[in-house]
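Here's a quick briefing on the structure shown below. Have a look at it first, then read on.

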Amino acid sequence: MARHVSSDDIRTRFSLAMSDMYRAEVPQYGTLLKLVADINAQTLYHAPGDNALTNQGGSEMARIEIERHGAIRLGTAGELHTMRRVFAVMGMFPVGYYDLAPAGMPVHATAFRPVEDEALALNPFRVFTSLLRLELIEDEDLRARAAAILERRQIFTDRLMTLLDQFDADGGLNDEDATAFVIEALETFRWHRHATVDAKTYHAFHQAHRLIADVVCFHGPHINHLTPRTLDIDATQQAMPEWGITPKATIEGPPRRNCPILLRQTSFKALEEPILFPSGDSEEAGTHTARFGEIEQRGAALTRRGRERYDELLAASRDTTHGLEGESHQRALHDAFHAFPDDEATLRREGLAWFDYQPLEGARIDDPEALPVERDALVEALIERNAIRARPITYEDFLPVSAAGIFQSNLGESSAQHYAATDSHSDFEAALGVAVEDEFALYERRSERSLTACLDALGLSHLV
Ligand code: OOG
Ligand code: NI
């Protein structure tokens, strides 16, 4: 039997093919890639030898050139279920649950991404995947029509379905089938100029919520953005106008800091694109706005405690940042986050961020009996003795408040509606067919594994 191609390879082939397709579809995306590559090169050139960026290690720098996240919006439980199988072929698994209803978006979501250290280092390709919540459409007739339209469509090719069965049966795909898989899977993410409904129906859905029209009226869940990772989002945002790109007025997420945390994002407005509606025997011209551009900067993953503090400070910052834009927004946000420690040692000692640990070359412990036995104290003692070093673990996930901000800036502020809070987490998982992974548990596991490896290397495994 021919050898199986690794999931990591299929993921990289797919993400590169997707990037090529999107660049051809949305030329501004190509411009954004050039701008980000430019800023990243400048940032690295000017960075001192040992700083928060390079401190994240060689693999972090190696992956940055291909690092992207994208987003799609699905219409039915069945689509989400099959999409999980598609991503599984690429070693991407659902992590986290994001409920966007409190922010006025009738969707809930997860992020498909690799979870193991090695896979993340090779290519951390992620796709923010939302599922439309039809039950939030108030108008009963409209809801029934949307459901009927969605039931009829098939967003996956027959060949892709066959390849998924084959993958499940054999546990992998050979080179030829992997190539076919990439080509077939890409079809699902392609843009369709032809709407599947007439203009009147489109406008009825659009009126209920712009997101509903975007999900229901097309052949498939077109990829709506692909986001490169910048090492300096402030510089990139500032340079955007010179490159003919108009960014949104504020950067989502935490403020600019010495020790970057979580995720900061900004986007440029969705394009108004020509589409065609079926109209009797002919077609009618119209436009649709869905696809946009976004950049992101990633920092340290926070522990539960750190995340709670972040959520509190962000909520409290609303009072002082409301209505502000650009630099004055960043200044107010910076002040609002004054109480959040901004150096690695304090983030670590206060248990606010996740770290991974490496043994330092030539390190030896001659008096293990003198070391503290309590875990955190032991870590600090080993760092103090230059036996190990700690590096922040990069945040690999998304932020619901930021995601809502990105959705809104692209759909228009008026798009936010008021939806009653209902617990829909279990509905989402039922559609998916599995439970989503807990991001905090994943970071904790990575941190603990690296520490165990250090203790082994230092001959201290008996200590914990
Ligand atoms: C997804 C928006 C969320 C992000 O980076 O937070 C997102 C969408 O518009 O479908 O991509
Ligand atoms: Ni995004």
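A salt bridge here is a side-chain nitrogen of Lys or Arg within 4 Å of a carboxyl oxygen of Asp or Glu. By that rule, the side chains of R449 and E116 form one, with N to O at 3.3 Å. Keep in mind that this is a predicted model: local features need pLDDT of at least 70, side-chain atom pairs count only at pLDDT 80 or more, and totals for chains, interfaces and linings use all residues. Residues are numbered from 1 along each chain as its sequence is written, chains are lettered from A and ligands numbered from 1 in the order in which they are written, and side-chain values use heavy atoms, with hydrogens and water left out.

**Domains and their interface**

- The chain splits into domain 1 (7–225 + 396–433) and domain 2 (355–392 + 437–464), with bounds from an automatic or database domain assignment.
- Taken over C-alpha atoms, the centres of domain 1 and domain 2 sit 37 Å apart.
- In the contact (heavy atoms within 4.5 Å), domain 1 puts in 16 residues and domain 2 puts in 10 residues.
- About 1100 Å² is buried between domain 1 and domain 2, with 37% of that from carbon and sulfur atoms; buried area is the accessible area (1.4 Å probe) that two parts lose on being put together, summed over both.
- The rule picks out 4 salt bridges across the interface of domain 1 and domain 2.
- On the side of domain 1 that touches domain 2, β2 (93–99) and α5 (117–122) each supply at least two residues, and β2 gives the largest share, 5 residues.
- Helices (H or I, at least four residues) and strands (E, at least two) are DSSP runs, numbered from the N terminus.

- Strands β7 (residues 272–279) and β8 (residues 282–289) pair antiparallel over 8 bridges; pairing takes at least two bridges found by DSSP.
- I275 has G286 in β8 as its bridge partner.
- The hairpin of β7 and β8 has 2 residues between the strands, and G280 there takes a positive phi near 60°.

**Salt bridges overall**

- Searching the whole structure turns up 42 salt bridges.
- One pairs R291 with E25, the closest N and O atoms being 2.5 Å apart.
- R291 is in the loop between β8 and β9 (293–298) and E25 is in helix α1 (residues 7–25), so the pair ties together parts 266 residues apart in sequence.
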